[in-house]
Amino acid sequence: YNSFYKKIVKLSSKNLNDLELISITSAADFLYNPRLREQKKTLKRNYFLEHFKKLLILIRDLAYVFLSLPALLKLFFTKDISIVWSGDFFDKRSKGDFRLGNFYINAYKKKLKFVEFITTSQLGLFYSLTLFAKRRRTVIYFDAFIRIIKFFSSYEIDLKKFSDFDEIDQSIIEDNFINILVTKKFLSRKLFKNVKNVFIWGIYSRTAGIFYWAKKNNLKTVGIMHGLPIKEYVYFETMPGLSYNEDLKIDYFGVWSNYWQEYYKNNSSMMKNLQISGPLRKKTNFIKSNGDKFLLLVEPLLEVGEFLKYKKFFEKYSKKIDLKVRSDFKFEHLQKYYEYFPFLKNCKIIQDDIDDVLSKGKYKYCIATHSTGILDCLHYGLYPIILHTETWGNYLKLEKDFIFYDFQEINSFLLKKDTNQNKIIYLAQKFSNTGDGSEWVIDKLMER
């Protein structure tokens, strides 16, 4: 997003007389540059196509509702049941959303009663049907219900009464407020009286409605780290300086280590109780890898063009490089790398669970800029080669020994063969302890 913002700034400095705004995604709306507001903006709209698209979405969402009916019955007739928010993913090892690690395996062992509220996938209904068959358990496609209720309802919210919003900003914020109201309408307490508590990870636009409904009905809310909440980038988990009403805080929030507990205390006021839970993907004691290969972590948010200064490095070591993609990756993520570095097409693509991959001990180095996978690699003794980019910089604020600015620096380092294992062990323990975050979540949900 920083990369997107900087490009917009460069465009706006050219004093364009006319700007055609084709589309802007909700994820990038907060980056909307105020300097562009001073210029003329033209928005071309096709109202027929817009309404036709809405009709197709409605038909698709009705299919999602049909798939959700068994889970709704489970909610109605099962006492003391938990709502678990997740995405429309399926990992063979964990039997669910890969980001939740061992949650599903441990939940079944401990006999936790729960229903997943899933955010539908952008990959479409057929993709969801495939995962539905693999999952073999009932789920509720929560956002499909919200869109249907919005389609047949009318809500008016005028934020101008509270602040001077830009037209685009205002419509997005108003829509988020409407989502909260619609969620309240959908989650009728009479119908959902058996719900005991809610696991929502954190407070985001996608979970805000469930969270506020839970708080209004005095239900316990549980969250946990599932990424790296660096405040300069992941603003929605920190927001330093913003005060929260005690009644609108997450009741229990799990963090991976003492370091992150202090980080949240200093940079966020969104949680009532911060507890060290360990990561969702449990780590055993530190394991040293004896391999000699490179693991390149493919990062979807990376502006790959910023890697051009490292082209000689990739070219020289390409035969020793494997490409690690997320289990939910899209081919266009890799395509960005291939466009700049065609020789990487010969590298092996790995989509397996990262712990399974690293435990085989094939790798000595990991290459990345900001991926959470860096912490997994540290735990298995891989030396992080952090490629400095304008967008991500020194994301984790590591020592300068781990940050590289060009091919010469990397090459000199590799020739020295100086990989200080003590530093790697220190970092692994600093960022992540050996607890099991999924068990911590389940214990919180099963508490009386």
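Modeller: A crossover is called right-handed if, with the strands pointing away from the viewer, the path from the first strand over the helix to the second runs clockwise. Please keep in mind that this is a predicted model.

Colleague: Which elements make the right-handed β-α-β unit here?

Modeller: The right-handed unit is made by strand E8, helix H8 (residues 258-267) and strand E9.

Colleague: How do you know that E8 and E9 pair?

Modeller: Pairing requires at least two bridges between the strands, and five bridges join E8 (residues 250-255) to E9 (residues 271-276), so the two count as paired, and they run parallel. Within this pairing, phenylalanine 253 has leucine 274 of E9 as its bridge partner.

Colleague: What makes E12 and E15 edge strands?

Modeller: In the open sheet, six strands follow the order E12-E11-E10-E13-E14-E15, with parallel pairing. Strand E12 (348-350) and strand E15 (403-404) each pair on one side only, and they are the edge strands. As for E12 and its partner E11 (residues 321-324), three bridges join them where at least two are needed, so they count as a pair. Leucine 323 stands opposite isoleucine 349 in E12.

Colleague: Why is the pair of phenylalanine 151 and phenylalanine 152 called edge-to-face?

Modeller: A search of the whole structure finds 37 aromatic pairs. For phenylalanine 151 and phenylalanine 152, the ring centres are 5.0 Å apart, which is within the 6.5 Å limit, and the planes stand at 75°, which is over 60, so the pair is edge-to-face. Tryptophan 392 and tyrosine 395 form another edge-to-face pair, with 5.5 Å centre to centre and 80° between the planes.

Colleague: Are the residues of these two pairs buried or exposed?

Modeller: Phenylalanine 152 has 60% relative accessibility, over the 50% cut-off, and therefore counts as exposed, while phenylalanine 151, at 42%, lies between the limits of 20% and 50% and counts as partly exposed. Tryptophan 392 at 7% and tyrosine 395 at 5% are under 20%, so both count as buried.

Colleague: What makes phenylalanine 48 count as exposed?

Modeller: Phenylalanine 48, found in helix H2 (residues 47-77), has 62% relative accessibility, and because this is over 50% the residue counts as exposed.

Technical notes:
Residues numbered from 1 in each chain as written. Predicted model: local features only at pLDDT ≥ 70, side-chain atom pairs only at ≥ 80, totals over all residues. Heavy atoms only, no water. Helix = DSSP H or I, 4+ residues; strand = E, 2+ residues; numbered from the N terminus. Buried < 20%, exposed > 50% of the residue type's maximum accessible area, 1.4 Å probe, protein only. Phe/Tyr/Trp six-rings, centres within 6.5 Å; stacked < 30°, edge-to-face > 60°.
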